[in-house]
Structure formats: C-alpha cells, structure tokens
Amino acid sequence: MAAGYKIFPHTSEVGLWIGAATYKAFYRNAARGFLDILGLKNARGPARSQMSVSLKAITPEELLVDWLNELIYLVHTKRVIPRVMRFDKADATILNARIAGPILNEGAAVAAEIKAATYHGLKVARRGGLLTARVILDV
Amino acid sequence: MDIKLRKVDEYVFELAKTGGMRVPGRIYASERMLPKIERERVAEQVANVAHLPGIVEYSLAMPDCHWGYGAPVGGVAAMDAKTGVISPGMVGYDISCGVRLLRSSLTAGSVRKMIGPLMDALYGSVASGVGKGGRLRLSSKDVKKVFRGGARWAVGAGYGDAEDLERIEDGGAVDGADPDRPSRRAVERGKNQVGTLGSGNHFLELQEVDAVFDAGAAEAFGLFEGQLVVLIHTGSRGCGYQICADALKIMQQARSRYRIALPDRQLACAPLDSPEGKDYLAAMCAGSNYARANRQVITHLVREAAMRTLSMAPRELGMSVVYDVSHNIAKMEIHDVGGGKRRLCVHRKGATRAFPAGHPDVPAAYRDVGQPVLVPGSMGTHSYVLVGTERAMRETFGTVCHGAGRMMSRTQAAKRIKGRDLARELEDKGIAIRTDSWRGLAEEAPFAYKNVCEVVDVCHRAGLARKVARMRPLGVLKG
C-alpha cells in the first residue's frame, strides 16, 4: 500500500487508515485524512491563527489518538483549520508542532462533527516499510 | 474469534463463558435479526465486555445492537459497586445522549397547515448542525453550575417550569456530579452549546400519535391518538465527548497499575473505588447533567417557537414533558442478583433504562404504571413510547433498546441517495424537512437503519417493555 491515508466505512462511525515512512509524515497524513473527513481538505484562506501543540504519550497509539483529538478541538472549538503544520519533534511518544490555518467561520459547511478518535482495534505498526494504523473516529 | 450463539428462549441467544470472559453473554434478538448480528460480529464485542472485572450475571445486547467500538451499541453491563470497574468506553463519548418527549394539548390535525411555519420557527430557534453554537453563551462559572444543576439549573435560569423536573430521569440532575472534575477543555467546549442539537443522528421532530396500544398507560402519560407531540434527541455535546476522551487517556495509563487485561483498549477502565474510577464517575455525572440542561433549554426554545408561530398562550398550547431518559450512561442502582440486593454500576451504551411500576425511581405520576421508555425510529419512520416491566428488571437490569440501530455505514448511505432527493421523498410523504447538511441527511436515510417496528416488537414480545403508543413524523429538524 502506498503512503497516504484512506477513509474506510464503519457501520456507525468513520475509519481512517494512515501510512507513512516517517512519524512526521504519519501525523501529517493523519491530519490530512481528518480534514478530508470534515470536507475541509481544500479549505483556503490566510493563516490567521497560529498555535503550538505539545503532546506526550506512553504508546504510539495513545499519541495518535491525542493528536487527532487535538485536531478535533482546534477545528470544532477553536475554529481553526490546521492547514500548515511544522513538526519540531515527532516520534512514537512525543509530538511538538506549530500549526497555522484559516479561521473556520460560523456557519461554514463542515461535513461531519467528529466527537473523538477512539482506541478501538488501534495498533501503530510498521508494515512493508510504512508506519501504519487504522483508527476509528466517532462521528 | 469463533463464537457460537445458543438459543435459550424465543428472543434470547446466549454465548457461553469462554477464555477470559467472566460471565456468559446474552443477545436479545429475533431469528431474522441474527444473520446481520452475526455478520457484524456483535457477539465478539459482547464477549469482550464480559472480560470487565466485577461484571455481574451477563454481558448483554439489546435487539438494536450493532458493532460499536469496544462495546457494541446496544450493550449493557452491570458491575459490582465494590469489586467492579467503571468504563468510559461502555458509556460512550456522548455522555447521557438521550431522548425527551413533549406532549401538547393540540391535535396534529388542528395544526397541519402550520407544520411548515412551525418547522421554520424551530429551525430558526434551535441551533443544529456541526459545531453550531446556541443562543446561550456561558462563562466557565456558569458551565460548572450546569454540571452541578443540570435541568434544575436551566429551570432556575428561566428555561422551563419546575414541574418539568418531575418527569425527567433523576429529577433533572444526577447526584454525584463534581463540577470541578471535567477538564478546562471540557468546560471550554461546553460554553456555547447548551440549547443545541448537534449533528449526526441528533434531531428534533414534530410527531403525531397515530396508535395507542395501552390505553391506561397512555392516559397516565398524557398521550392520546391524534395528538401533536415533539421528540428531541441530543446529548452532552462537545463537553461530554471531552470528558470521555480525557477519562480514556487516564484509564489507558491506569490499566497496568490495576493489572486489568482487556481484549480491546477502548474498554479501558478503572476500579469504581479507585481515584480514577471516582473521578470519572463524578465527571460523567457532570456531563450527564449538561445533557439534561441541554434538552431542557431546547424544550424552552420549542415552547417559545410554538407559542409565537401558533399565537397561543402556554395554557392553550399545553406543552409539557412526558419524560426525558438517557441511553448512554452508567448509573449506580440496586438490583436483585442471586436472591439478594446488590449495588451495581449499570452501564448502558445505546440502551435505555426501563423500570417497572412501583419502582421508587419512576416519577410519582407514573409509579402505578411504570417508567416511559422513548424509542426513536430512523428519520421518516415511527417512534415509540414503551413502558418498563418486571421482566426487564429480572433479566436486563431494567433495560431495553434505544432506537433502530444502524446497519449501513454513513458512506454507503450517502452513496445510495442524495440528501436533496431524500428530502423530496420525505416531503412527498408529508414530512417537512429542515437541515443545514444534505450529506448529513443522506447519511441518516431510513434504509441505513434497522426496522424500528421490528426492534420494538422483539422488546415487547420478549417481555422487556410493553408498547404504549406509536408516533409518526410530521416534521424533522436535523443537523
């Protein structure tokens, strides 16, 4: 399978497969897939908001869930579309990033409300040279 | 995992206790439903839940069950209060998602020409859709008051009447909420969402009671055939999701400390008497109260919109609460187990409490009859009012189904029909639709769900609840 992301169906939620050669690309692809689910992957506009994200976890699965939950908070609560991401550190248990993006206006069309990323069946593993994971998002 | 289901009764299928399961599993369903349930591997999730420490009697699934994450939707598990665990994954992210039914003094026939304007008014009054904030903008201090007071806070703030509280589960607020337990982020997410529907399968419907099955119970609930009623389905919104996410992270880390081995991380849990368990229970109660306040404020907005549109005074409209009950929650309850009374933490994930006549937790006005159980159908189909039974108390910790249950993914549903086409189909059937999201509407198409009539019939025939009334939709507001 090629690096990137794929959205896969689930009876009541949404699934996201992520694959990348490095952890930086892995978290970037996770964010891209997340924005695609929301219908925001092509969102344009000046990056009016910037913020730092610092996450630490015991396992890569926890870190991935924390990262996606952080993105959910940014979009649905802070109303920032995380379009530009600069990773200062990204590995299995630490993620430090600077994020910038346009403001999501009140009333702007968003395809889904993602409640949270779940741990269900989640395993971050190297397969065929790629870091991969299948994560279920509660919508 | 190869799991064999053994039929033990007309509508009960059992999984034997094997491997790490601490109790057997039981699925309530008809033979017809079974192939779909087996394809979805619901039994595997029922078996996983049976691994939870302190679980009592059976890991259960209701007839609307389907594959969830960790636990099945439609899952029920009761843990011993002293030796058992509490699991945020067995409650769900939308803490205290639930349903409220409002009655009115009006017949649907008398307002049929006004359904369109009524729906326009509701669409304008009740914020619905992804990330939509409501009219109320609360401070952090106010959100904490909501965590503590629930619907009682809302009534005190002018959103509703004191008598509404008599017909809400727990009198409008769960005991045991600690407003300081939810994180700062949960508080932040709760600031502008009280009085909002949200999106997904949340909705507000104008309905007509089109059948009464139990005249005595219907009369006690204030329902009559041809009546205009309102059904509201929503929960604790972003703050509930955050409370759950925060707790799951903590419990992932606590698992090894308490040596709890689980087949699915999403079932992460902690002993009820541990600091983590107590903190989550207190935070979950706070989230539950937020959901109750949310539905209370929406009730007020619905009343205002209806009085304005129909030019009616409150007494003429007669809009009052039939009942408000949650279907994603963990409650501390006393149940008969093995001939003696035990205090249990009953987890209901996509399952509704259904207490019988005489139970002290049933509102006084209904105690001779039993607790109303509100079961919404999928969009465009019937909804039901049932009443709890003694048999449910004996077999399912006083629990029944919560709705129709999904059987198709959102993607598949949206591929099969466009939202605008679905809206046209429903309008042709006389159902007015108001929504901000055509895709969201398509994802909630009736064919994506099980047949609610079949689900309710199984609950009725299995003796878990009795049918009281059926409603059909006249107008749907969806996020």
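Contact, as used in these legends, means heavy atoms within 4.5 Å. The structure is a predicted model in which local features need pLDDT of at least 70, side-chain atom pairs count only at pLDDT 80 or more, and totals for chains, interfaces and linings use all residues. Residues are numbered from 1 along each chain as its sequence is written, chains are lettered from A and ligands numbered from 1 in the order in which they are written, and side-chain values use heavy atoms, with hydrogens and water left out.

**Figure 1. Fold of chain A.** Of the contacts in chain A with a separation of 6 or more, 65% are between residues 24 or more positions apart. Chain A holds 2 helices and 8 strands, where helices (H or I, at least four residues) and strands (E, at least two) are DSSP runs numbered from the N terminus. The order of these elements from the N terminus is β-β-α-β-α-β-β-β-β-β. The C-alpha trace spans about 40 × 35 × 25 Å along its principal axes. The radius of gyration of chain A, 14 Å, agrees with the value near 14 Å for a compact globule of 139 residues; the radius is taken over C-alpha atoms, and the globule rule is 2.2 Å times the number of residues to the power 0.38.

Figure 2. Leu104(A) is placed in the loop between strand 5 (94-101) and strand 6 (116-117) of chain A. Leu104(A) counts as buried because its relative accessibility is 5%; buried means under 20% relative accessible area, exposed over 50%, and partly exposed in between (1.4 Å probe, protein chains only). Leaving aside residues up to four places away in sequence, Leu104(A) touches Leu40(A), Val75(A), Arg79(A), Ile81(A) and Val110(A). The C-alpha atoms of Leu104(A) and Arg79(A) are 4.9 Å apart, although 25 residues separate the two in sequence.

**Figure 3. Salt bridges within the chains.** A salt bridge is a side-chain nitrogen of Lys or Arg within 4 Å of a carboxyl oxygen of Asp or Glu. In chain A, Asp138(A) pairs with Lys115(A) in a salt bridge, with 3.5 Å between the closest N and O atoms. This pair links distant parts of the chain, 23 residues apart: Asp138(A) belongs to strand 8 (residues 130-138), and Lys115(A) to the loop between strand 5 and strand 6. Asp138(A) and Lys115(A) are both buried. In chain B, the closest N and O atoms of the salt bridge between Asp120(B) and Arg434(B) are 2.7 Å apart. Because Asp120(B) is in helix 3 (residues 115-125) and Arg434(B) in strand 18 (residues 432-435), the pair ties together parts 314 residues apart in sequence. Asp120(B) is partly exposed at 44% relative accessibility, whereas Arg434(B) is buried at 17%.

**Figure 4. Helix 16 of chain B.** The buried residues of helix 16 (residues 452-461) include Val452(B), Val455(B) and Cys459(B). Among the elements that cover the buried residues of this helix are strand 4 and strand 19 (465-478) of chain B. Asn451(B) caps the N-terminal end, with a side-chain oxygen 2.8 Å from the backbone nitrogen of Cys453(B). Gly463(B), whose phi is positive and near 80 degrees, follows the helix.

**Figure 5. Interface of chain B and chain A.** The contact involves 35 residues from chain B and 35 residues from chain A. Across this interface there are 6 salt bridges, one of which joins the side chains of Lys249(B) and Glu62(A) at 3.9 Å, N to O.

Definitions and conventions:
Polar contact = N/O pair within 3.5 Å; in protein donor to acceptor, adjacent residues only side chain to side chain.
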